[in-house]
Amino acid sequence: QVQIVESGGGLVQPGGSLRLSCAASGSTLDNYAVGWFRQAPGKDRERVACITRGENYPYIVDAVKGRFSIYRDGAKGMVYLHMRSLKLEDTGVYYCAAGYGCYDAPVNYWGEGAQVTVSS
C-alpha cells in the first residue's frame, strides 16, 4: 500500500502560478505512473495530466495544455504539477494518483486532494 500526499495548494490570483507536489509517504513514486486529476465544484473529476513510468512521457489534456506541465524528480521520488496562467475555471480540488499506467491501467492509489482556488 502507498499513501499519496499532495501539497502546494492554496489561493492564487488569475494569471498566477502554483506548483503542486505529490509524494508517497515514506516511499517513492519512481516506480509508478502518476496522474493529476481535479474536480471543480459541481463537476465530475477529470484527469489533467499524467507522467509514465520509465520513459517519463508527459500527457497533458487539451484544456490545460500550454499552461500546465508535469514532471518527475527521481532523486526525491516525487512528481510535480506546475500550473501557470491560472484561470478562474482552474479552481477545484486537485488529486494525485499513482498506478502502473497513465491510460492503460487503473489507478491504484489516490491522495486526499489539495484545494486550488483561483480568485481575484
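Buried means under 20% relative accessible area, exposed over 50%, and partly exposed in between (1.4 Å probe, protein chains only). This is a predicted model, where local features need pLDDT of at least 70, side-chain atom pairs count only at pLDDT 80 or more, and totals for chains, interfaces and linings use all residues. Residues are numbered from 1 along each chain as its sequence is written, and side-chain values use heavy atoms, with hydrogens and water left out.

**View 1. Salt bridge between D62 and K65.** A salt bridge puts a side-chain nitrogen of Lys or Arg within 4 Å of a carboxyl oxygen of Asp or Glu. The structure holds four of them. Here the N to O distance is 3.3 Å. D62 is exposed at 66% relative accessible area. K65 is exposed too, at 52%.

**View 2. The salt-bridge network of R38, E46, R67 and D90.** R38 meets E46 at 2.9 Å, N to O. R38 is buried at 7%, while E46 is partly exposed at 36%. R67 meets D90 at 2.8 Å, N to O. R67 lies in the loop between β6 (58–60) and β7, and D90 in the loop between β8 and β9, so this pair ties together parts 23 residues apart in sequence. Strands are DSSP runs (E, at least two residues; helices are H or I, at least four), numbered from the N terminus. R67 is buried at 11%. D90 is buried at 0%.

**View 3. The nonpolar core.** Such a core is a set of buried Ala, Val, Leu, Ile, Met, Phe, Trp, Tyr and Cys residues joined through side-chain atoms within 4.5 Å. The largest one has 28 residues. I4, W36, L81 and M83 have the most contacts inside it. Elements giving two or more residues include β3 (18–24), β4 (33–39) and β8 (78–83). The largest share, four residues, comes from β3.

**View 4. Aromatic pairs.** Rings of Phe, Tyr and Trp (its six-membered ring) pair if their centres lie within 6.5 Å; planes under 30 degrees apart count as stacked, over 60 as edge-to-face and the rest as tilted. The structure holds seven pairs. F37 and W110 have ring centres 4.7 Å apart and planes at 50°, so the pair is tilted. F37 sits in strand β4 and W110 in strand β10 (residues 107–110), 73 residues apart. F37 is buried at 8%; W110 is partly exposed at 33%. Y71 and Y80 have centres 5.2 Å apart and planes at 25°, so they are stacked.

**View 5. R45 over two rings.** A charge sits over a ring if NZ of Lys or CZ of Arg is within 6 Å of the ring centre and within 35 degrees of the ring normal. R45 lies over the face of Y95 at 4.8 Å from the ring centre. For W110, the distance is 4.1 Å.
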